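Welcome! Take a look at the sequence and the structure below, and then we can walk through some of the contacts together.

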Amino acid sequence: MTQPLRPHDTSRRLLQRALKSIPLGSQTFSKSHLQFPPEIAPQFFERGKGAQVWDADGKQYTDFVNGLLSVMLGYGDRDVDSAISQQLSHGITFSMPHRLEMEVAEQLIAMIPCAQKVRFGKNGSDATAGAIRVARAYTGRDDVAVCGYHGWQDWYIGSTARSLGVPDATRALTHSFTFNDIFSLKRLFENPDLKLAAVILEPMNVAYPAPGFLKAVRELCDRHGTVLIFDETITGFRFAKGGAQELFNVTPDLATFGKGLANGMPLSAIVGQEDLMQVMDDIFFSFTMGGETLSLAAANAVLTKIQAGNVLPHIHAMGERMLSGLRAKHAALGQPDWLNICGHPSWSFSMLSDSESADAWQLKTFYIQEMVARGYFTLGSQNMSFAHKQADIDGFLNAFSQVLEHMADAIASGTIAQTLRCKPIEPVFKVRG
């Protein structure tokens, strides 16, 4: 039995209004009506506190999306908000640099293994594009090997299904390889027509790196004089204080950070070895808002709080409770092959694939429909924050168990399509094979 729908009348009206002035009605694909259909989910949030959010119709949800992982401490964190408020009284953007730029850079250098110098952007895409430009300038080469998601800029997005508007000449310089398949990367290095300036990858996404994989990538880059870049936009400050490079003990030449750096304030960073970062004296990487102080004040507070020691142990403990609970529910159902529980405790996945009677996107739509109806906001991943409490995890697991049982019954009877209150959601693009 599906759960009764919550009314989203105000959200629907706001969406129709937004579509008249904003393409897609949203600034972000993953927050749009393509991913959260208006028939089954809210389209606008009004406020958040801790791990809770309230939509435009006043309905409350426990949030496991958390601003697409950017809200790592929780909404309205007291320390972060206090730092922002204090800086606001002194000014936001000045005509010269502010000392906060140095203070945050110094914190990053103290925390991240590869960091000797730092530059700031506003989005993860700023940082990854800047890192690629540094690598090309440093090596004098043009080609780039990619694995994972690295933002909206032409150099990367041209290698995906969302390549509309990207020149063919740009697309031809980006070459994909497969995570945990070192031979797929070796083939790129062995191609005489390619001269790789950089290898950029997420050090972990849905799967842990296989033993020796990241070290083998490091060795290939060293052998060929290629710059190794870790995109730690998500893994940074979640997996360890120094990011995935600390956790997996493999140090890249450059790394990019964003998402959890400023608890939802717009800030990203490129960090790396001094000789590489010094190239930034000559390339053009410059933003009017690059030194905006409210985001830097937020980052200063976030990093101070992480280094104090209790943030990551709590996030990892709650994430472990979530993962073990999800796996137990999966096992109790006989471990159906249309569901895979994977990922890191701080960023885990309930991945749905095609079943005998419904495809993955129908199943994901059903899952979101039923979890949202029970008061849990999710895209299919469990994005943990410092604000999540044991009760939030246990409530989610109880809802997950109910939804999983209903899904299994509907799959067995071939009635998933009949249970949907909307068209199935659409993939933005496929990142990995």
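Predicted model: local features only at pLDDT ≥ 70, side-chain atom pairs only at ≥ 80, totals over all residues.

Asp79 joins them, linking Asp77, Asp79 and Lys305 in a network of salt bridges.

## Pairs within a helix

The structure has ten salt bridges, and some are local. In helix H1 (residues 9-19), Asp9 and Arg12 are three residues apart, so about one helical turn separates them. Their closest N and O atoms are 3.3 Å apart. Asp9 is partly exposed at 43% relative accessible area, as is Arg12 at 31%.

Helix H7 (residues 168-171) holds Arg171 and Asp168, again about one helical turn from each other. Here the closest N and O atoms of the salt bridge are 3.8 Å apart. Arg171 is partly exposed, at 36%, whereas Asp168 is exposed, at 59%.

## The nonpolar cores

Now for the inside: the largest nonpolar core has 94 residues, and Phe237 is one of those touching the most other members. Helix H15 (residues 390-413) gives this core its largest share, eleven residues. A second, separate core of 24 residues includes Tyr156 and Leu254.

Beyond its close sequence neighbours, Phe237 is in contact with residues including Met72, Leu108, Phe257 and Leu312.

Notes:
Residues numbered from 1 in each chain as written. Heavy atoms only, no water. Core = buried A, V, L, I, M, F, W, Y, C linked by side-chain atoms within 4.5 Å. Buried < 20%, exposed > 50% of the residue type's maximum accessible area, 1.4 Å probe, protein only. Helix = DSSP H or I, 4+ residues; strand = E, 2+ residues; numbered from the N terminus. Contact = heavy atoms within 4.5 Å. Salt bridge = Lys/Arg side-chain N within 4 Å of Asp/Glu carboxyl O. Lists of a residue's contacts leave out its neighbours within four places in sequence.
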